Amino acid sequence: VNPIVYAIPVFLLTILIEAWIAHRRGAAVYHVGDAVTSLHLGVLSQVTNSFAKLATLGIYAAVYENFRAATWPTDRVVAWVVALLVYDFFYYWFHRLSHEVAVLWAAHVVHHSSEYFNLSTALRQTSTGTALGWLFYLPMAVAGVPPAMFVAVALINLLYQYWPHTQLIGKLGWVDRVFVTPSNHRVHHGQNDYCMDRNYGGILIVWDRLFGSFAEEREDEKVCFGVRKPLASFNPLWGNAHYYVDLWHASRRARGWRDKLHVWLSPPGGWPMGPMQHFEPREFRKFEPGTPLPLISYAVVHYTLSTALLTHFLLVFARLDSIQAWTYALAIAVSVLSIGGLLERVGWARRLEQLRLFVLGAAIVALPLWFGSTMPAALRAALGLVAAASLVWISRQTMRREAGGAGAAA
Amino acid sequence: LNGNAVSDLVLALACAWICLRTLERAPGIAVAVLLIGLSAVLGVLRFSGAGILDGPHRFASLVSAVGAFPLLAYALGWPDDTIATRASASVRFVVLVGAIGVAATVLGVEIWSKVAPATAALVILVNMLRRFSALGLMGALLLAASFAVAAVGTPDTVYFGLLNRVQLLHYLLAAALLALTWTPLRQGRSAAVSR
């Protein structure tokens, strides 16, 4: 079973606790639409990774089988500690190049696209990063780190990176100088001039100190989170695809195959020709589509149901045949796309949501098994009722673009 | 040191010399040759008795075949391009092209590890023909010959009554790299003099 299944309740609970503490302190740390989008992106990344990891772990395992120097003992604590350190070292370089190479940034930009910074941002993960991320860890396979040990230390590294995504924890003294912490990770997510391309570490910040990419959080300048070219959308598919689309257009405009190649290999924005454009924090405005409260509440309820779907998907994924797996993945992807569209109030979202509710509701009520699992009759009836009630409610809503004409959606 | 180790040592020394000479003026060539040289160093150690390095040596050789030789072809073919003149761009090229090659090879498309260097040799050959560079042409032919030995040579064959397949591959490769990079080296030296 995918271990993330067990982490999902912990993630959701800690996000609720953080939001509650922030609310009590009067800190504007959360925006519901932004947080739901982050969580949607997390859902989508888990779905796509379920498929992609089969291939990428296959490459790792193949290199391990054919080229390894030795076999690291899995019963020695020191081997695990060294494996974790080595993984963290390669993660640093993978993460750094994810910011410095356009094609890798296209995958990673989604994690930085939130203009808020909270625990939900940690779950705003890419759906395409696995496609190239594996290659940075192949030296571990050659060194002889067994695939199971590799998967475990990768998971530890990933889970560690959850807690630094918060504004509620200040500076931590010497801990900030050794480990990745909220303070130095806030800098990483900032778009202020001093924050750009800094603090890439996963667990240890010492890599940044070693390789000259460390910056300490400043007391005199508030960090503005996000990217210089704002995503300005709650659509999780667009969040994943938008920079690839930009690169595609740029490479189409480029003359000759070498210039086209450079579009993908150069740093985002091209090879540095001069100083980076100045960012003025006082002029920064966050994306706010003005979603009404009832629609936000609707999105939260249906996000919760999507998470239940995701959890079940991860639990049964290994048992599904490929058609079932792709169908289930499509259902989840359409769900997050539709809810994201509603939050953004784009014209097509209401039609898509109506279709989704009808198909999913009918499938849950009519099918004897839900992707190989038996669902209690009472639960099926309840979900059918929720779908029907939602269908009626959403049909009475008016989207901004329908009401106000074209071009209102950001 | 046995014969195989000595041949890899010659290749490693040739790569080190080329790398040092091209590092500033032609980083693309330097990065490509550095990778080839690293696998040669692993080969020296492996053939000298460090059996633990058998896998890493074969892996480094694979990376050289699918990543370093395409970079070498690019850097020789378009010496004014950013990938040839900027080390960070060369590394990006070799990482991504090499990754595709490694993935394809280990996932079963083993012919990739032969097609990639063969294509690189062909690109270099065409380029040297267009330039009318006798030394470069000789280098390209030596490179093609070394790949031919690697692809179709048998382990038991003794070439010229003296060398086995591994040794011949390494000597041909060392000679090819020296010949191919001689022109850029010479250009670099005259540029240095003129400054």
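pLDDT is the predictor's confidence in each residue, from 0 to 100. The views below come from a predicted model in which local features need pLDDT of at least 70 and side-chain atom pairs count only at pLDDT 80 or more, while totals for chains, interfaces and linings use all residues. Residues are numbered from 1 along each chain as its sequence is written, chains are lettered from A and ligands numbered from 1 in the order in which they are written, and side-chain values use heavy atoms, leaving out hydrogens and water.

**View 1. Confidence in the two chains.** Chain B has a mean pLDDT of 89, with 93% of its residues at 70 or more. Take care with residues 188–195 of chain B, where pLDDT stays under 50 and the model has 4 contacts (heavy atoms within 4.5 Å) beyond four places in sequence. Chain A averages 92, and 96% of the residues score at least 70. In chain A, residues 403–410 stay under 50, with 12 contacts beyond four places in sequence. Where pLDDT is low, the predicted coordinates should not be read in detail. For the model, ipTM is 0.87 and pTM is 0.90.

**View 2. Where chain A meets chain B.** Here 24 residues from chain A touch 23 residues from chain B. Together the chains bury about 2100 Å², 77% of it on carbon and sulfur atoms; buried area is the accessible area (1.4 Å probe) that two parts lose on being put together, summed over both. The count between the chains is 1 salt bridge, meaning a side-chain nitrogen of Lys or Arg within 4 Å of a carboxyl oxygen of Asp or Glu. A salt bridge joins the side chains of A:Arg258 and B:Asp81 (2.8 Å, N to O).

**View 3. A salt bridge within chain A.** Over all chains, the count is 14 salt bridges. One pairs the side chains of A:Arg124 and A:Asp34 at 3.2 Å, N to O. This pair links distant parts of the chain, 90 residues apart: A:Arg124 sits in the loop between α5 (119–122) and α6 (130–133), and A:Asp34 in helix α2 (residues 32–67). Helices (H or I, at least four residues) and strands (E, at least two) are DSSP runs, numbered from the N terminus.
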